[in-house]
Amino acid sequence: MKSRTSRITEIHDQKQAVPSWDAAHPLPLRTKRVPQKRGFTQMIQFNLITSHTDGSIKQPSPALTIKAAILIQRWYRRYVARLEMRRRYTWNIFQSIEYAGEQDQLQLSSFFSFMLDNFTQINGNGPDLISHLLDSVVDPLTEEVKQLKYEQIVVAESYSGPRLSFPLSVTDTNALLSAFKVEQTLHGKYVLQILYETKKLLKQMPNVIYLSTSYAKEITICGDLHGSLDDLLLIFYKNGLPSAENPYIFNGDFVDRGKKSTEIIIILFAFLLLYPDHMHLNRGNHEDHIMNLRYGFTREVMQKYKTHGREILQLLQDVFSLLPLATVIDNKVLIVHGGISDKTDLNFLSTVERHKVKSALRLPKRSVDHLNVHASSRSSSRHSGRSRSDSPHTSGRTSRASRRRKKPFTKQGSCSSSSSSSSSSSSSMCSPRVSSRNTQRRPPPSPSLPSPTDVLQVPFLDSFVSLEPPEPPREELEWQQVVDILWSDPKNQIGCSPNSFRGGGCYFGPDVTQTLLQKHGLCLLIRSHECKQEGYELCHNGQVITIFSASNYYEEGSNRGAYVKLGPELIPRFFQYQVSRSTRKLTLHQKVRVAEGSALRALKEKLYAHRSELMAAFQQYDIDNTGCISTSEWAQVVESCLRLDLPWRTLRPRLARLGADGNVEYETCFEDISLGEPIPPVTQNLAETLYRYRTDLEIIFNIIDKDHSGQISIEEFRQTWKLFSSHLGVAVNDKAIDDMARSIDFNKDGSIDFNEFLEAFRVVHKLDVKEKQQG
């Protein structure tokens with residue numbers, strides 16, 4: 001029987017903490033060095049065995065054995081703690097940048113509205129694609145004519161993909177799966193037919209679907225897929241294909257970010273047509289044509305279907321707006337994409353005309369007009385103490401204008417956001433009843449006192465009378481219900497507040513969850529909308545489950561995917577997985593390092609995009625122009641400008657160097673990154689501005705580029721950039737715009753190759769370039 005000491009040694013040999021000896025040798029062997037881990041260079045040595053002159057071995061004392069075990073355990077715990085710290089801040093970086101991008105999208109959606117009001121059509125070839133994408137267009141063709149039109153589309157003999165017949169059969173869905181596995185593209189004719197049939201089916205469905213587990217052994221609920229076809233195929237492989245015996249609920253966000261969004265919706269809609277009673281799809285916040293402009297789905301459709309792409313996008317607008325908003329299982333489990341608010345009412349939600357909410361990013365037009373009228377009536381009363389519009393769009397412009405009058409940075413205040421896309425973006429989807437811009441800077445009014453937004457001070461003779469404001473129009477109430485369902489997130493604190501971090505929906509606490517569940521006789525809320533490292537998470541005392549099905553969402557190895565199964569007992573069972581080709585053999589340390597590197601590169605790009613603001617703010621602290629400021633000052637400046645709510649002190653060693661005096665050399669934040677080859681007439685400030693709004697500009701110009709050729713006219717470029725700079729308050733004079741437009745017309749044909757233009761404003765990571773050169 002082996003001694004306790006030798007057994008401990010064998011265990012730690014397997015874990016690579018390895019002082020070891022051989023029983024055949026009386027003297028202790030040379031200790032093995034622990035594999036090099038970051039921050040760990042010492043060698044662990046244990047002199048547990050001593051030998052006498054006669055060759056006999058003295059067994060180590062129990063005290064030394066325990067001491068060795070404790071030392072190994074302490075080392076391992078510190079090592080794991082450091083890895084966990086790096087994993088957590090990596091996760092925070094990814095999530096903060098993702099939510100900042102969503103805020104940018106909300107600001108861009110308000111620009112689209114601005115553009116619709118101000119953009120003069122240049123080509124004069126009928127309605128502009130922008131108006132098609134942002135406003136519902138009445139199609140003069142009847143449903144019968146459309147169906148006939150799609151059927152008459154000719155499929156070339158050279159087409160080698162699947163050929164579908166309607167109504168769909170199991171053979172057709174199997175053919176689709178087989179084709180997509182080998183990266184074949186379905187012909188546009190069949191895509192249009194699937195979408196048309198799906199639209200007809202969805203029109204007959206209610207807003208809230210009620211299901212029962214009595215007809216199936218278990219129901220499978222899947223979360224966000226975001227264009228990850230490999231995850232969907234893996235789910236089907238592990239859990240089986242949808243059928244009458246194997247029902248599914250997919251809880252929104254099928255598209256965007258990933259490169260296979262088109263294939264995913266085709267598969268899901270095909271199974272919906274095949275098993276309408278056993279395949280269920282909830283709408284997510286990315287089933288929204290304005291979100292699709294930013295996050296890739298619109299571009300994917302136009303690239304894969306150059307001939308029928310615009311028709312597909314128009315039809316998808318209708319299909320997305322007709323998707324059900326919620327599903328209830330056995331009258332006990334509520335399933336929505338985002339969450340709830342203190343205003344959520346399932347009875348009211350059931351009566352919403354969901355097809356009118358084409359995009360949750362835009363208030364209904366009549367509702368906007370209604371709010372503007374109230375805003376102007378409030379501003380006309382000087383004694384009300386407040387002249388604030390309740391319109392998200394109007395308040396966005398007012399806030400931007402007011403911020404432009406402020407100093408860029410003060411030690412008591414924060415950086416100016418007039419040129420910051422992420423920090424100036426408004427919560428244009430947050431409830432009109434509370435402005436999320438103001439919630440970050442001012443505590444909410446006392447519950448015992450009437451809020452300025454809850455009453456109107458109306459002059460009457462020589463006094464004032466408080467009146468309740470008029471009831472918002474029904475369109476606004478319906479819109480708000482949809483926004484809260486699609487965009488909200490749970491929080492641990494009680495109450496309900498605007499989700500200012502994302503820019504839309506609400507944060508709802510455990511009390512809000514409890515109230516809604518009790519009101520409707522429910523016991524569980526299942527939602528998606530947030531990436532979780534393990535693929536799922538429980539909160540609010542187990543009453544809320546978050547399920548996320550896209551593995552490797554931020555980076556290879558960054559997270560698992562998961563789905564949950566519910567049987568008649570309504571006890572959730574979770575199943576995790578990870579689609580991984582390259583990280584399967586990596587250790588935990590290597591996985592963390594890969595994800596951390598990707599997150600830090602994204603964060604450095606964010607820093608570079610705000611370089612002018614940051615340098616101006618740094619220099620206000622650096623009075624003597626030493627190039628150094630304290631760590632606390634550095635962290636305060638970076639957070640004030642970027643507003644990412646990150647642990648900047650912890651991240652400082654990865655972002656900036658310390659000088660000999662222990663202060664931060666703030667210019668080292670930018671030394672590892674630079675722009676690509678600049679265009680000669682473009683100044684440094686303009687180059688940084690263009691880089692910061694690069695994604696927004698790409699979206700806008702892709703809309704203007706109707707034939708998706710990559711070419712736009714100089715006049716289109718000039719007018720659109722003037723509108724964009726005017727809307728955001730970016731100070732760029734007309735001459736600079738004209739010089740830039742002429743300089744990027746490389747062949748002088750009056751058109752601009754926008755892809756080459758964008759390439760000039762791509763950041764280059766110098767360390768990556770060095771690694772490639774060395775390789």
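Let's call a residue buried when its relative accessible area is under 20%, exposed when that area is over 50%, and partly exposed in between, using a 1.4 Å probe and protein chains only. What you're looking at is a predicted model, where local features need pLDDT of at least 70, side-chain atom pairs count only at pLDDT 80 or more, and totals for chains, interfaces and linings use all residues. Residues are numbered from 1 along each chain as its sequence is written, and side-chain values use heavy atoms, with hydrogens and water left out.

Of the 16 residues in α6, 13 are buried, so the helix is mostly covered.

Now jump to strand β16, residues 544-547. Val544 and Thr546 point one way, Ile545 and Ile547 the other, and all of them are buried.

β16 has two partners to look at, where pairing takes at least two DSSP bridges between the strands. With β14 (residues 524-527) the sense is parallel, over three bridges, and Ile526 stands opposite Ile545. With β15 (residues 536-539) the sense is antiparallel, over four bridges, and Glu537 sits opposite Thr546.

The hairpin of β15 and β16 has four residues between the strands, and His540 takes a positive phi near 55° there. Asn541, in that loop, has a positive phi of about 60° although it isn't a glycine. Asn541 is exposed, at 78% relative accessible area.
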